[in-house]
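Subject: Structure for your review

Dear colleague,

Please find below the structure that I am handing over to you.

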Amino acid sequence: MSYQPKDPEKDRTPSDFGYGEEFIPDGQEDTLKRQLKSRHIAMISIGGVIGTGLFLGTGSALSNGGPVGLLLGYSIMGSICYCVMISLGEMVAYLPIPGGHIKLAERFVNPAFSFAMGWNYWYNWVIVLPAELSAAAVLIDYWEKHKVNDAVWIIICLFVVIVINL
């Protein structure tokens, strides 16, 4: 094996341009490792797509907008999601930093924007949990023969969520 000198123009890293120093502690340049296999990523994507909103929202969207309206809405929202995911992929490929999309917002936009994004993310999950619990109660109402108050199903589902998270 012969010695190959590094090409300074070809072998540049983001830290050569002044990016990433504040995110990588001294002596820990290789802290990010790929630990998710393709099956894990596939399950995450399936779990993110299939939810109660799909079952509850598709029926009313189909009855209100028809098949063409449903296809147009799916195409528009799908293209927006695709653009966002491509942009995130480009940023992560360029500068792989630990911390996710909120740290990317801090690095590429502004720390204040990252702060606001973190609070919006928290607020999103505070709103999503009750919405999902009530949607689960609506779905269970479709199946049951004897009507039970929705609060019973919400409490049962909330208990299951808490147990799973603990």
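The notes below cover the overall fold, a surface patch and the aromatic pairs.

The model is predicted: local features need pLDDT of at least 70 and side-chain atom pairs count only at pLDDT 80 or more, whereas totals for chains, interfaces and linings use all residues. Residues are numbered from 1 along each chain as its sequence is written, and side-chain values use heavy atoms, with hydrogens and water left out.

Overall fold

The protein has 5 helices and 0 strands, and its pattern along the sequence is α-α-α-α-α. Helices (H or I, at least four residues) and strands (E, at least two) are DSSP runs, numbered from the N terminus. Of the 166 residues, 11% are buried; here buried means under 20% relative accessible area, exposed over 50%, and partly exposed in between, with a 1.4 Å probe and protein chains only. The accessible surface comes to about 13,600 Å², and carbon and sulfur atoms account for 68% of that. Areas were computed by the Shrake-Rupley method with a 1.4 Å probe; for residues, only the protein chains shown count as cover.

Surface patch

A nonpolar patch on the surface is formed by Val 68, Leu 72, Ile 76, Met 77, Ile 80, Val 84 and Met 85, with about 690 Å² of accessible area together. Patch members have over 30% relative accessible area and no salt bridge; nonpolar side chains (Val, Leu, Ile, Met, Phe, Trp, Tyr) are joined within 5 Å, and like charges within 9 Å. A salt bridge is a side-chain nitrogen of Lys or Arg within 4 Å of a carboxyl oxygen of Asp or Glu. Leu 72 lies in helix 2 (residues 52-94) and counts as exposed because its relative accessibility is 51%.

Aromatic pairs

The whole structure holds 3 aromatic pairs. Rings of Phe, Tyr and Trp (its six-membered ring) pair if their centres lie within 6.5 Å; planes under 30 degrees apart count as stacked, over 60 as edge-to-face and the rest as tilted.

One of the pairs is Phe 115 with Trp 119, edge-to-face at 6.4 Å centre to centre and 70 degrees between the planes. Both residues lie in helix 4 (residues 111-143), 4 residues apart, about one turn of the helix. Phe 115 is exposed at 57% relative accessible area, and Trp 119 is partly exposed at 48%.

Tyr 121 and Trp 125 also form an edge-to-face pair, with centres 6.4 Å apart and planes at 85 degrees. Ring pairs link Phe 115, Trp 119 and Trp 122 into a cluster.

Yours sincerely
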